[in-house]
Amino acid sequence: MGNSLSYTPYTYRPRHRVLLYGLPGSGKSTLVARLTGQHPPLGATVGVRHTDVVFGQHKCSVMDIGLCDYISYKDHGSVVVYMVGEDALDQVSMHFHSIASESPLLIVVNKQDLIDRAHSVADVTRALGDIARPYKAIPCVIRDGIGVRAVRDWVTKYLDNPPEPK
Ligand SMILES: Nc1nc2c(ncn2[C@@H]2O[C@H](COP(=O)(O)OP(=O)(O)O)[C@@H](O)[C@H]2O)c(=O)[nH]1
Ligand SMILES: [Mg+2]
């Protein structure tokens, strides 16, 4: 007989973390809402917000990280999604380069519906300069759901086939 607990198969599998960065107003919370089918929260996100999202076979915690202490999240993400809104690209670049990460990167060039203010993928990648890790940049209108599927597919692809650790 013994203790039934000792017969309980138990495996601890750390859940994947998807780190979501971007200047305030770039559309991070809207993306999380689109991924979960919830309504976007009203107002700004305070601190770091964790939301459970399933990508393919993978249960993940999406960490919506506003302006805060990036250093504490160094290397703790499986993948990084960086959102670009309509902010000036020198500000975007400064913010982007303040984040220490070597994880695969998806750059979401959001708000393509803002014809006069949206950045092109080419302009964003030029402004960000040298990105020494696997990355992809995609144009999106996250508010309207355009590109959400592409975000899902990209994250799922990397979680299915994580890059070899260096
Ligand atoms: N025009 C436009 N507005 C968007 C888009 N995505 C998000 N927004 C709006 O941008 C504002 C800030 O979005 P939010 O998700 O709160 O940004 P966060 O601060 O990065 O979390 C909200 O009013 C959203 O409705 C988009 O694709 N196009
Ligand atoms: Mg937010």
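**Ground rules.** I number residues from 1 along each chain as its sequence is written, and chains are lettered from A and ligands numbered from 1 in the order in which they are written. As the model is predicted, local features need pLDDT of at least 70 and side-chain atom pairs count only at pLDDT 80 or more, while totals for chains, interfaces and linings use all residues.

**Overall make-up.** I looked up the secondary structure and found four helices and six strands. Helices (H or I, at least four residues) and strands (E, at least two) are DSSP runs, numbered from the N terminus. Along the sequence they follow the pattern β-α-β-β-β-α-β-α-β-α.

**The sheet.** I then traced an open sheet of six strands, with mixed pairing and the order S2-S3-S1-S4-S5-S6. Two strands pair if DSSP finds at least two bridges between them. Strands S2 (48-55) and S6 (135-139) each have a single partner strand and stand at the edges, so one side of each has no neighbour in the sheet. On average, neighbouring strands are turned by 20 degrees against each other, direction ignored. For angles, axes are lines fitted to C-alpha atoms, for helices over the stretch in contact, and the values run from 0 to 180 degrees between N-to-C directions.

I checked one pair: S4 (residues 79-84) and S5 (residues 105-109) run parallel and are joined by five bridges. Tyr82 has Ile107 in S5 as its bridge partner.

**Helix H1.** Helix H1 (residues 28-36) packs on the sheet and touches S1 (16-22), S2, S3 (58-65) and S4. Its direction makes about 160 degrees with that of S3. Contact means that two C-beta atoms, placed from the backbone, lie within 7 Å.

**Ligand 1.** I counted 19 residues around ligand 1, the closest being Gly27, Lys28, Ser29, Thr30 and Arg143. A residue is near the ligand if its C-beta atom, placed from the backbone, lies within 6 Å of it. H1 gives the most to this shell, with three residues.

**Gly85.** I found Gly85 in the loop between S4 and helix H2 (89-97). Is Gly85 buried or exposed? Gly85 is buried, because 22 other C-beta atoms lie within 10 Å; the cut-offs are 20 or more for buried, 12 or fewer for exposed, and partly exposed in between. Leaving aside neighbours within four places in sequence, Gly85 is in contact with residues including Gly22, Ser26, Gly27 and Asn110. Its C-alpha atom and that of Cys140, 55 residues apart along the chain, are separated by 9.9 Å.
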